[in-house]
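Biologist: Hey, I'm new to this one. Could you walk me through a couple of spots?
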Amino acid sequence: MPDPPRHGLNARADKARYDTAIDAAIDRLHEEGRYRTFIDIERRKGQFPHAVWRKSDGDESEITVWCGNDYLGMGQHPVVLAAMHEALEATGAGSGGTRNISGTTIWHKRLEAELADLHQKEAALLFTSAYIANDATLSTLPKLLPGLIIYSDALNHASMIEGVRRNGGAKRIFRHNDVAHLRELLEADDPDAPKLIAFESIYSMDGDFGPIAEICDLADEFGALTYIDEVHAVGMYGPRGAGVAERDRLMHRIDIINGTLAKAYGVMGGYIAASAKMCDAIRSYAPGFIFTTSLPPAVAAGAAASVRHLKTDQARRDKQQEHARVLKDRLIALGLPIIDHGSHIVPVIVGDPVHCKAISDMLLEDHGIYCQPINFPTVPRGTERLRFTPSPVHTPQMIDRLVRAMDGLWAHCALNRQDMAG
């Protein structure tokens with residue numbers, strides 16, 4: 001006979017054991033100084049990067065957001081908001097289903113057409129996020145190309161790593177941006193095996209660029225497909241905002257481009273752009289696409305309006321780059337450890353999770369400046385940092401206030417470190 005079900009004291013003991021394990025896991029984060037806390041902020045239309053911080057005691061404070069991924073302030077742009085209002089009034093809230101079952105609307109098709117045009121590809125395929133787009137595509141490709149070997153940069157985003165990890169195919173990890181190491185790996189494998197090289201155009205934590213041309217040369221030499229993540233570059237680089245590959249006139253050499261609608265475009269969603277055959281195959285085989293409810297039509301409409309607008313708004317890109325250069329120059333002049341690879345991202349290395357959190361807290365509480373600390377596992381231990389993302393709508397006065405605050409807090413934390421060491 002089967003054992004009787006566990007209940008009463010035994011069930012309570014099991015629950016206590018599970019709770020103890022969960023408590024221990026959370027305690028480890030606290031002990032290491034990398035427990036993440038969220039603050040409640042309320043963005044207000046037309047006032048970005050200003051926002052309201054709603055504190056736990058009910059008080060409110062005006063803050064300036066310095067760590068957002070709405071790089072160009074498009075989440076507040078009138079063109080985007082008007083498109084979303086129009087679609088909302090026309091269709092209502094949700095899409096009503098997956099893309100396969102009632103969830104494909106004219107708004108989704110228009111957005112995919114805008115994205116295909118942006119990247120000069122035959123087609124584009126829309127996902128609910130760029131994370132899902134990466135994961136779903138990279139995990140599906142070995143089903144389409146039996147024996148596929150994926151060569152992945154060591155610092156690729158977690159979504160790419162996850163897609164490669166669980167696709168069941170062969171994988172090779174090459175040292176970050178190390179084209180010579182990539183060549184060694186390619187040379188060691190069967191020349192007849194299908195191959196794909198996956199990498200990023202801009203790596204978001206250090207702000208460095210991938211060697212696109214060199215990787216494309218290797219792909220041509222070894223008969224490999226190319227897969228680039230342009231998440232932190234779309235909208236930001238190139239004459240129409242298609243990314244670094246467009247800026248460098250290399251877009252035609254990339255087989256699959258991954259991008260997001262949630263950063264420079266200020267809305268939500270992710271996509272791939274590729275050949276019509278490739279998009280059709282991913283659409284037909286990827287569970288992450290097939291079984292997910294599609295984006296609300298209003299979101300798709302807003303994203304399409306943002307993509308369309310940024311194809312011609314070079315002034316907004318130029319202003320963002322100008323503000324990034326000014327902020328970097330001023331922080332470097334203070335002697336702060338800035339990583340500067342020439343991109344729009346401004347990382348300041350603190351190198352300790354406790355001090356990183358302390359500086360973040362003091363910026364918020366004493367200066368009304370919001371910049372979330374970035375700790376392990378997002379970055380390696382010992383490289384904890386503050387990652388500032390200036391936008392076109394941050395003013396010179398906001399930059400000045402941030403620089404002055406960082407100057408005082410850096411000196412304060414340096415003295416505290418000396419006291420602790422003594």
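This is a predicted model: local features need pLDDT of at least 70, side-chain atom pairs count only at pLDDT 80 or more; totals for chains, interfaces and linings use all residues.

Biologist: What caps the N-terminal end of helix 13?
Modeller: That's Asp 352: one of its side-chain oxygens lies 3.0 Å from the backbone nitrogen of Val 354.

Biologist: And how many residues does helix 13 have?
Modeller: It has 15, covering residues 353-367. From first C-alpha to last, helix 13 reaches 20 Å, close to the 21 Å expected at 1.5 Å a residue.

Biologist: Which residues of helix 13 are buried?
Modeller: Pro 353, His 355, Cys 356, Ile 359, Ser 360, Met 362, Leu 363 and Leu 364.

Biologist: Why would residues three or four places apart point the same way?
Modeller: Because an α-helix has 3.6 residues a turn.

Biologist: OK, switching to strands. Is strand 12 mostly covered or exposed?
Modeller: Mostly covered. Strand 12 spans residues 270-274, and five of its five residues are buried.

Biologist: Which residues sit on each side?
Modeller: Gly 270, Ile 272 and Ala 274 are on one side of strand 12, with Tyr 271 and Ala 273 on the other. Both faces are covered.

Biologist: So which strands are joined to strand 12?
Modeller: Strand 4 (residues 123-127) is joined to strand 12 by five bridges, running antiparallel. Strand 11 (residues 256-260) is also antiparallel to strand 12, with four bridges.

Biologist: What stands opposite Ala 274 and Gly 270?
Modeller: Ala 123 stands opposite Ala 274, and Thr 260 stands opposite Gly 270.

Key
Residues are numbered from 1 along each chain as its sequence is written. Side-chain values use heavy atoms; hydrogens and water are left out. Buried means under 20% relative accessible area, exposed over 50%, partly exposed in between (1.4 Å probe, protein chains only). Helices (H or I, at least four residues) and strands (E, at least two) are DSSP runs, numbered from the N terminus. Two strands pair if DSSP finds at least two bridges between them. The expected span of a helix is 1.5 Å times one less than its number of residues. A polar contact is a pair of N or O atoms within 3.5 Å; within protein, one must be able to donate a hydrogen and the other to accept it, and residues adjacent in sequence count only if both atoms are side-chain atoms.
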